[in-house]
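Subject: Model for your review

Hello,

Here is the model I said I would pass on. Please open it alongside this message.

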Amino acid sequence: MRKEEIREYFIRVQESEKVSHAYIIEEESGQEAEALAGEFAARLECEKGTGCGTCHSCLAYASGNHPDIIRVRHEKPDSIGVDEIRRQLVDDITIRPYSSPYKVYLVPEAEKLTVQAQNALLKTLEEPPYYGVILLLTANAGKLLSTILSRSVLLKLTEEEQEERLLPEEDRQLFLSLLRQARSLTVTQMADGAKALKERKVPAGAAAALARVYFRDVLVVKSTGKRELLRMPEEYKGYGEWAEAASYAKLHRILEEVDGMERRILSNVNYELAAELLLMAMKA
Ligand SMILES: [Zn+2]
C-alpha cells in the first residue's frame, strides 16, 4: 500500500470505531512508517478526533510529551529485550489511559524484539485492554512470531515511486544543468547538450519525468513561492530565476514540449533532434 492508502485506511478505521489492538507496519527502508503511526496515534487521541493540531492532546503529542502515546525505546542497538518490553509496554498497558480514550504504543524496529520479548508481548495481544493499541513498525515482518502476526493487522508500506530520482546521478546532473541554463544557451550549446544526452543514452521516460517535476516545481514557486510544496526543494534557486523569467503560458508550453520530446523519442524520432527541440522550446 502506498503511504496515502495507509493514511486513508487509518482514518476509516477510526471513523468506523473499529480500531484493532495491534497493527504492524512493514517498510523495507525509509522513515514513513513511523510518521504514519505517529499521525494515527495523534488522531486517535485528538479531542476532535481529527488530529487537529491545536487541541490539548495534539499539542501534547507535538511536544513529545503525550502521556498516553508511548514510544518503546531500547538500549542495545540490535535487540529489544524482554525486560524493556515488560516495563514499557506489557506492565504499563495495564494502567488506564491518563487523559485519552486510548493508550497507544509505538514499537519501532520491532524485528529486533527477542523471542522472549515477543512472547511477553503475545500475552498482551491475547488479552488486550479495550483501550490498548499497539503499533509495531518493522523492516521485516517475517522476523515476528506467527502468533503475533495472526493477532495483528499487517500493513505493507511500499515506497512511493520518485520518478525524478530514477536517472543515474551523473545523467541527472547533466540534464538538470541543461534545464537550469536553457534560457541562456546558444544554439551550439543546445546541440552539444542534446548530443551528450544521446551519447550517455539517458532514457527518455526518466528524463521527461525529471523535466516535468522540474517545471511543475517552477510553477509552484511562481504561484505560491512556497518551498515546502516542492518535490525537489534543492533546486529552489534555479526555480526562482525561471519563475521570474517565464510567463505561465510559457511554462505550460514547456511542459507540453516535454511530453512532445518523450513521444518523439518513443516513436523513434532521432533522439538528438527531440532533445534539441525541447531545449529550443525552453529558450524561445
Ligand atoms: Zn487535536
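Below are notes on the metal site and then on the salt bridges.

This is a predicted model, in which local features need pLDDT of at least 70 and side-chain atom pairs count only at pLDDT 80 or more, while totals for chains, interfaces and linings use all residues. Residues are numbered from 1 along each chain as its sequence is written, and side-chain values use heavy atoms, with hydrogens and water left out.

Zinc site

The zinc ion is coordinated by the SG atoms of Cys46, Cys52, Cys55 and Cys58, at 2.3 to 2.4 Å. Donors here are N, O and S atoms within 2.8 Å of the metal (3.2 Å for Na, K and Ca); water is not among the atoms, so sites may look incomplete. The angles between the four donor atoms run from 105 to 115 degrees, which makes the arrangement tetrahedral (four donors with all angles between 85 and 135 degrees). Along the sequence, the donor residues follow the spacing C-x5-C-x2-C-x2-C. Cysteine 46 is in the loop between helix 2 (32-45) and helix 3 (56-62), and cysteine 58 is in helix 3, so the pair ties together parts twelve residues apart in sequence. Helices are DSSP runs of H or I with at least four residues, numbered from the N terminus. Cysteine 46 and cysteine 58 are both buried (buried is under 20% relative accessible area, exposed over 50%, partly exposed in between, with a 1.4 Å probe and protein chains only).

Salt bridges

A salt bridge is a side-chain nitrogen of Lys or Arg within 4 Å of a carboxyl oxygen of Asp or Glu. The count by this rule is 16.

Arginine 172 pairs with glutamate 169 in a salt bridge whose closest N and O atoms are 3.6 Å apart. These two are three residues apart in helix 7 (residues 169-181), so about one helical turn separates them. Arginine 172 is buried at 5% relative accessible area, whereas glutamate 169 is partly exposed at 46%. Both belong to a network of salt bridges that also links Glu234.

Glutamate 235 and arginine 180 form a salt bridge at 2.9 Å, N to O. This pair links distant parts of the chain, 55 residues apart: glutamate 235 is in the loop between helix 9 (204-223) and helix 10 (236-245), and arginine 180 is in helix 7. Glutamate 235 is buried at 6% relative accessibility; arginine 180 is partly exposed at 31%.

Regards

Terms used
Tetrahedral: all angles 85-135°; square planar, octahedral: opposite > 155°, others 65-115°.
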